[in-house]
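Subject: Structure handover

Hello,

Here is the structure I promised to pass on to you. Please open it alongside this message, and my notes follow below.

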Amino acid sequence: MIQTAVAPKNRKATAEPRSRESASPSENLLARFHEVRKFSARLAENLAPEDCVVQSMPEVSPTKWHLAHTTWFFETFILKKWVSGYRDAVPEYAYLFNSYYNAAGAMHRRDLRGLISRPTVEETKRFRASIDADVDALVASTGEKLFCEIEPILRLGIHHEQQHQELLVTDIKHVFAQNPLFPVFQKAKIENRNINIEAVKFVQFDEATVEIGHDGNGFSYDNEGPRHRALVLPFALANRLVTNAEYLEFMNDHGYARAEFWLSLGWTTVNEQNWRAPLYWIERDGEWWSFTLSGLRKVDPKEPITHLSYFEADAYANWAGARLPTEFEWERAAAKIDIEGNFVESERFHPAPLNHSPKDHELGQMFGDVWEWTRSSYSPYPGYRAEAGALGEYNGKFMCNQYVLRGGSCATSRTHVRKTYRNFFQPDKRWQFTGIRLARDLS
Ligand SMILES: [Fe+2]
């Protein structure tokens, strides 16, 4: 049933914000909403309008599209549902900025998003401001009972926006990488490079039946549940990520030319795509350079390897006499580790070398830096059912032909990721910050 709230265009000024402690739940959530919305604008603030419209491959969306689509999400799933007599800001945006929600109506083709010069970037910003004001007015005037209905969808919209912030970063990297001028998204921060990366060690885990999935406290996506028990056999997990130096050894050992390390589909892909190095690596005068969001620079041997497909991660693991972890092993190992690391908040936009030597049994770099490929297919947990309606399309319908990644990256928000978070991509995708942590069987 459509609930009655405020008339959308008769807004009252929102009350002066109070401190977070004395604020109501709705004021707190609105503050969070604005914080996250502003961060999207901040990520785009140094981009020229010309940067914001380019689509460099079908999987990449223009910055402008991300800014508009996240706004469409709030308009479609909150304002249209709970604002009585709501009139679309611009009715055609429903078609232009729907991504994949069939139950929400027809949509423009994903691979043609780069052809849409209108709305302009400025008009898109005005669309954002208008929807933000309507969300403000709705939530500020809503009673407790109705807020309880709106709250989970608003929270979902906030997390959805954070997902698109990560895509905005990885997509503009792909766009800039096509440009021979190698544009800089953000200047590199000066860092201490006197870091000694010790040889990798493996931390052992006994066989155990463990609880997997989200426990229901706080926000999670539906694909993180139901929480259930899983038997995890004895295994060992590397105490840090694989570095560029280690991956170079694989390359120098002709890893890309030796079929014995590769899955059949991976081997086909390597040859069809002519892969000889990670995405964004360029060889010049016998040296490897890498395009980063701070421009083109020499490959730093101490940084974690990134922009690898599942196929490359799996081939490297085979070459190294190891394997990729399962998502259950990873979640078990992460259970007692604080979520700290190099996330987007550091505004480094690139993985960082491990800055300390892990103590015995310590696992470094479990969160942030790069998403860690697991060997687990992205499939439903026992008892999972996607809910009915458009929002049931958020995760469930993608549970085919993809692999799970864990831990977040340097483009992920610290406040977005969880120990139970399941990211997923097809095995040939390389434009996300994806890397490797090795595992081994223990018999
Ligand atoms: Fe989306």
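What follows is a short tour of the metal site, then the pockets, then the cavities.

Please keep in mind that this is a predicted model.

The metal site

Three histidines supply the protein donors of the iron ion: His69, His160 and His164, each through NE2, lying 2.2 Å from the metal. Along the chain these donors follow the spacing H-x90-H-x3-H. His160 and His164 share helix H5 (residues 144–177), where 4 residues, about one turn of the helix, separate them.

The largest pocket has a volume of about 750 Å³. It is lined by 30 residues, and those closest to its centre are Tyr100, Arg110, Leu167, Phe424 and Phe425. Helix H2 (63–82), H5 and strand E12 (423–425) are the elements that give two or more residues to this lining. H5, the helix that holds His160 and His164, gives the most to the lining of the largest pocket, with 6 residues. By class, the lining of the largest pocket has 11 nonpolar, 13 polar and 6 charged residues.

The second largest pocket holds about 450 Å³ of space. Of its 21 lining residues, His356, Glu362, Leu363, Gly364 and Gln365 are the closest to the centre. Strand E1 (202–205) and strand E8 (341–342) each contribute at least two residues to the lining of this second largest pocket. The lining of the second largest pocket divides into 10 nonpolar, 7 polar and 4 charged residues.

The cavities

How many cavities of 30 Å³ or more are there? The count comes to 5. The largest cavity has a volume of about 90 Å³. Its lining has 15 residues, with Asn244, Trp281, Ser290, Thr306 and His350 nearest the centre. Strand E6 (287–292) and strand E7 (295–298) each supply at least two residues of the lining of the largest cavity, and by class that lining has 5 nonpolar, 6 polar and 4 charged residues.

The second largest cavity has a volume of about 70 Å³. Among the residues that line it are Asn196, Glu198, Arg240 and His356; His356 is also one of the residues closest to the centre of the second largest pocket. The lining of the second largest cavity has 5 nonpolar, 4 polar and 2 charged residues.

Best wishes

Conventions
Residues are numbered from 1 along each chain as its sequence is written. This is a predicted model: local features need pLDDT of at least 70, side-chain atom pairs count only at pLDDT 80 or more; totals for chains, interfaces and linings use all residues. Side-chain values use heavy atoms; hydrogens and water are left out. Donors are N, O and S atoms within 2.8 Å of the metal (3.2 Å for Na, K and Ca); water is not among the atoms, so sites may look incomplete. On a 1 Å grid over the protein atoms alone, a cavity is a set of points where a 1.4 Å probe fits but cannot get out, and a pocket is an open set with protein on both sides within 12 Å along at least five of seven lines; lining residues have an atom within 4 Å of a point. Grid points are joined across faces, edges and corners, and a volume is the space filled by probe spheres set on the points. Ala, Val, Leu, Ile, Met, Phe, Trp, Tyr, Cys and Pro count as nonpolar, Asp, Glu, Lys and Arg as charged, and the others, Gly among them, as polar.
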